[in-house]
Every structure is written in structure tokens, then in C-alpha cells.
Amino acid sequence: MQLWVVAIGAAVAEFWWVAPAAVGAGAASVLGVRRGRTTRARRLGLTAAQRELQQARSDAVGARAAARVAQAELVRAEAERAAGRARPDDVRAARRALETAQRAKAAATATIRVARARVSAERAAVPARGTDPKHLPLARLMAAHDAIAARWMEYETDAARRLAFPAMSDVRVPATAEFLRLEGAARELRPASPTAKLTPEQFTAYRSAVDEVGRAFTAAEQEAWRRAGHRPDDAPADGPAAPVWTVIAGEAIARSVDGITRAAEGAASALDAYRSRRGGRDDRPRT
């Protein structure tokens, strides 16, 4: 037997496990990547909230430092004023700067509390492993965005609602125009699909945009109700029940029909009067 055949046989016998091990390592690598992506998707909301909290804490440190500087500037201005080297306007300006810095400090502290609450909420809402993708944070956020758009479309496509609340379709109404502007901005930040890869910063920007759209829609809806003759507080967050819509739309239609009827009657009366005067002139003897 030739030596090279013996050598090949020995090599195969010695390293038969290399190929299966390589295949297994590749499969494990693929599974690890998938598991990592799934984990990031499940924890995207929490990660974004934690980043927000870190930023809020950093902003608070800067706000506290700015307040201390403003306090020192006020003390210096008062001392300069007492020594006759500063004007009263300088002291007032320093005091206003301190008040502004203190308000910024208070706002930064409040932002930290909100961020902490969001972290707690997001941690409790992290889906379990194997959860349906439609329940992942990004999918939930996109669904909330779609729900706001659907509520506005009801005012656009439902004839009764459009008649009862025309302000919801009128871009000349400032509240409606602001809602549509913010909705357009949120659409630009919206990912292509619920499974798209987003960084925590991108998720935070989109979530903030959706929150602003929701607040703007509520303001536009309340303004539309006010202009329709109803109390703004009567506009429910999830849309009124069907009987309420029926009553409101019926009243609007009745007012419209009644107005059209009165206008038609008025036009007919005016036409009759015009014909009577015309007939009277025609009956008069001509000279």
C-alpha cells in the first residue's frame, strides 16, 4: 500500500471531529446572534429608558452647577452695588438669572423622577422570552401611534363625525394644524416595520414624537368639541360611545337641515315678493 494512502487514512482518523465541530460552532453562533437580537428587541424600551435616566442625571448635574454659579454672580453683583461699582440693573439681571437657573434645576430634578418612573415601568413591561413579536416594545409603540391616527381618521371618514366636528379636518384651526405637523414629524421617525433595528436613542426619539402627537390630538379634539358647542372636557380619551355620537351628529344634521329649510323658505318668500312687485308694476297704466 502506498504511503500517501496510509497518511490520509491516519489524518482522517485523527481529525474526523473537526468538520462536525465547525458546523456546530457555526450553528451556535447563528443561534447566539438571533438570541442577542431578540434580547435587545425585548429590552429596547428598558434600555432606552435607562439611557434617558443617565442623560437626565447628567443634565441635573449641569443645572445644579449653573444654579451655584448664578448664586455666586448675584452675591458678587450685590457686593459691587454696595461698593458703588455696579448699577441696580446689574443686580436685577443677576437675580433674574438666578431665578431662571433655579427653575432649570427644579425641572431637571423633576425630569429625573419621570425618568426613574419610566425605567420602573419599562422593567416591569419587558416581555418574556419567546413572546409574540407584536408585543415587543417597538411593536407596541407603533400600535399606539396607529391608534392615534385611526382616531383622527374617524373624524375624516365618518360623515356624521365630520359634520358634527368640522374643526378636526380644518387646518386653519391652530390646534388641528399643530397635530398634523407633529404627526408628520412622527411619521418621519417611524421605523419601516416592528422588527426594524433601532438604537435606544432612535427609539426614544420616536417614542417622544408619539407622545407629543397624542397630546396634540387631545388638544385638537377638545378644541373641536368646544367649537361644536360642547364642553372640551366631555371629549373622552378613547372616543365617545356610539349613542353619544348619534345624538351629536343628529343635532348637527338637524341644525343643518333646519338652516337649509329656512334659507329655502326665505328665498321663496323673497322671490314671491319680487314677482308681486314686478306684477304690480306691469299692471299699472302706462302714460
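Good morning. I shall begin with helix 7, whose buried residues are Thr 176, Phe 179, Leu 182, Glu 183 and Ala 186. Viewed down the helix axis, these buried residues fall within an arc of 130 degrees, so they line one face of helix 7. Pro 174 and Glu 188, on the other side of the helix, are exposed. Among the elements covering the buried residues are helix 5, residues 137-157, and helix 8, residues 200-227.

Please bear in mind that this is a predicted model. The mean pLDDT of the protein chain is 79, and 69% of the residues score at least 70. Among the elements of the chain, helix 7, residues 174-189, has the highest mean pLDDT, 96, whereas helix 9, residues 242-283, has the lowest, 51. Over residues 27-34 the pLDDT is below 50, and this stretch has zero contacts in the model beyond near neighbours in sequence. Where pLDDT is low, the predicted coordinates should not be read in detail.

The length of helix 7 can also be checked. Its 16 residues, at 1.5 Å a residue, should span 22 Å; the end C-alpha atoms lie 23 Å apart, which agrees.

I turn now to the core. The largest nonpolar core has 29 residues, of which Leu 138, Phe 165, Met 168, Phe 179, Phe 203 and Phe 217 touch the most other members. Two or more residues each come from helix 3 (44-82), helix 5, helix 7 and helix 8, with helix 8 giving the most, 10 residues. Phe 217 has contacts that include Ile 148, Trp 152, Met 168 and Phe 179. Apart from this core lies another, of 10 residues, including Leu 46, Leu 53, Ala 60 and Ala 108.

Methods. Residues are numbered from 1 along each chain as its sequence is written. This is a predicted model: local features need pLDDT of at least 70, side-chain atom pairs count only at pLDDT 80 or more; totals for chains, interfaces and linings use all residues. Side-chain values use heavy atoms; hydrogens and water are left out. pLDDT is the predictor's confidence in each residue, from 0 to 100. Helices (H or I, at least four residues) and strands (E, at least two) are DSSP runs, numbered from the N terminus. Contact means heavy atoms within 4.5 Å. The expected span of a helix is 1.5 Å times one less than its number of residues. Buried means under 20% relative accessible area, exposed over 50%, partly exposed in between (1.4 Å probe, protein chains only). The arc is that of the directions from the helix axis to the C-beta atoms. A nonpolar core is a set of buried Ala, Val, Leu, Ile, Met, Phe, Trp, Tyr and Cys residues joined through side-chain atoms within 4.5 Å. Lists of a residue's contacts leave out its neighbours within four places in sequence.
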